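Please read these notes with the model open beside you. They are numbered so that each can be checked on its own.

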2 protein chains.
Amino acid sequence: MLDDAISNVKRTRIQTVNREAILQAALSVFSAYGYRGATLDEIAEKAGMSKPNLLYYFPRKKSLYVAVLEETLAQWLAPLATMKADGDPADELSRYIDAKIAMSRDNPAASRLFASEILQGGGAITEFLHGPLKAIVDEKSRIIADWVAAGRLRPVDPRHLIFMIWATTQHYADFDVQVRAVLASDDETRFDVASETARRVILEGLLPR
Amino acid sequence: MLDDAISNVKRTRIQTVNREAILQAALSVFSAYGYRGATLDEIAEKAGMSKPNLLYYFPRKKSLYVAVLEETLAQWLAPLATMKADGDPADELSRYIDAKIAMSRDNPAASRLFASEILQGGGAITEFLHGPLKAIVDEKSRIIADWVAAGRLRPVDPRHLIFMIWATTQHYADFDVQVRAVLASDDETRFDVASETARRVILEGLLPR
DNA sequence: GTCTATACATGGATAGAC
DNA sequence: GTCTATCCATGTATAGAC
């Protein structure tokens, strides 16, 4: 457990504001350079305060990183939770793909922070990966397996299907510069086309004939 | 243009050996921490030599990074080049997916280095992205569009299909720790299942009925 | 709560002996 | 070609005034 700055309860007005500014700046810098590549200087500047002042709120770099990560993980996990066993497979998968593409469009930094942490070994979120994440994937995999067993979906390995959806949707946040380069940049419809392509390919590939 | 260490021609025996050791160590460290997060200390230690000696071969951190990146980009691009217009769409797409999954299995560090560079803004490979990469994607997109026009493939946006294949296959290298956590780790068949799942979903989704 | 000053470690890079 | 020693900038973190 890391000593996480000032007591979690009873924050003054200015504390709340500053904390928010710091977390936002930290998200942007950590997601761009990873934990080791990020500097407190840059974060402090982006947050509009001095470095010692930043360290007043988060006494160590690591505690700031953990705080940002925790906020992000919850967000990252949320859409999957909405997948329902009693729904229509096509609807449920469609909605999930859409929700993840929306995340890539609306909060690319969160996606990149997560990608960066995993890429760098995931040491800071080992427990999350083997705990809550594995648990929800297991649960949703059972739902997908049931759909397959009931003939409502063609045979597929549920976990690898989930990987496929994650990979495809996150690609538009994590590999944004590459996507823009290939599409000749100012194609602002790319998220819609991405969502449609993913839905069409995956659903056509999996729905029974 | 960066001054890239000792003259590119006429290397002595030991120079070749050391250069190779450095490049390999650099790949491993840069891919794990990104450019800014990587340290010459760590690279030198992994390469089994002193830091000044390393700097004798690559006088600046940046020139070493560029050298490693260039080796990687060529590798990364190679499989796509083999996609032929006069082949069977199912075969061509199958082969490409397999080749990319094989890359993720056999050279995950290369995939991660590329991912890391893109994630961090891709500043070191802007020309590659807008030049050779865009060119080959344009070319292969035309092939896919022709298949669609000829009714050999169901309607799909070629570039987004390529993104989907990239994302899905690279996921197994870039997000390895997450994949292992979810699959309960020592599932050594994961690359085969991944390849089969991707091929099945994508081909079933795209081949005409 | 916020600032200035500063301690102390690490990292990139160079000098010069061998 | 390789090493030791070292320079200097940057980076995390603390002390203490206000």
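1. The model is predicted. Keep that in mind when reading the distances and counts in these notes.

2. Begin with the contact between chain B and chain A. Each side is given by its own count: 60 residues from chain B and 60 residues from chain A. Together the two chains bury about 5100 Å², with 67% of that area on carbon and sulfur atoms. Of the area that chain B buries against chain A, 15% is supplied by Arg36(B), Leu119(B) and Val182(B), more than any other three residues.

3. Polar and charged pairs also occur here. Between chain B and chain A there are 6 salt bridges and 12 residue pairs in polar contact. One salt bridge joins the side chains of Arg209(B) and Glu204(A), at 3.6 Å from N to O.

4. Which helix of chain B gives the largest share of the side that touches chain A? Helix 8 of chain B does, with 12 residues. By class, that side of chain B has 32 nonpolar, 15 polar and 13 charged residues.

5. Now look inside chain B, at Leu64(B), which sits in helix 4 (residues 61-81). Is Leu64(B) buried or exposed? Leu64(B) counts as buried because its relative accessibility is 0%, and the cut-off for buried is under 20%. Leaving out residues up to four places away in sequence, Leu64(B) touches Ile22(B), Leu23(B), Ala26(B), Phe30(B), Leu40(B), Ile43(B), Leu54(B) and Phe58(B). Ala26(B) is 38 residues from Leu64(B) in sequence, yet their C-alpha atoms are 7.6 Å apart in space.

6. DNA strand D has 18 residues around it, and those that come nearest are Leu40(A), Lys51(A), Lys61(A), Gln15(B) and Tyr57(B). Among the atoms of DNA strand D within 4 Å of the protein, sugar and phosphate account for 70%.

7. A polar backbone atom of Lys61(A) is 2.8 Å from one. For Thr12(B), a polar side-chain atom lies 3.2 Å from a phosphate oxygen. For Asn18(B), an N or O atom in the side chain is 3.3 Å from a phosphate oxygen.

8. The surface near DNA strand D receives the most from helix 3 of chain B, with 4 residues. By class, this surface has 8 nonpolar, 6 polar and 4 charged residues.

Technical notes: Residues numbered from 1 in each chain as written. Chains lettered and ligands numbered in written order. Predicted model: local features only at pLDDT ≥ 70, side-chain atom pairs only at ≥ 80, totals over all residues. Heavy atoms only, no water. Contact = heavy atoms within 4.5 Å. Buried area = accessible area lost by both parts, 1.4 Å probe. Salt bridge = Lys/Arg side-chain N within 4 Å of Asp/Glu carboxyl O. Polar contact = N/O pair within 3.5 Å; in protein donor to acceptor, adjacent residues only side chain to side chain. Helix = DSSP H or I, 4+ residues; strand = E, 2+ residues; numbered from the N terminus. Nonpolar A, V, L, I, M, F, W, Y, C, P; charged D, E, K, R; others polar. Buried < 20%, exposed > 50% of the residue type's maximum accessible area, 1.4 Å probe, protein only. Near = heavy atom within 4 Å.
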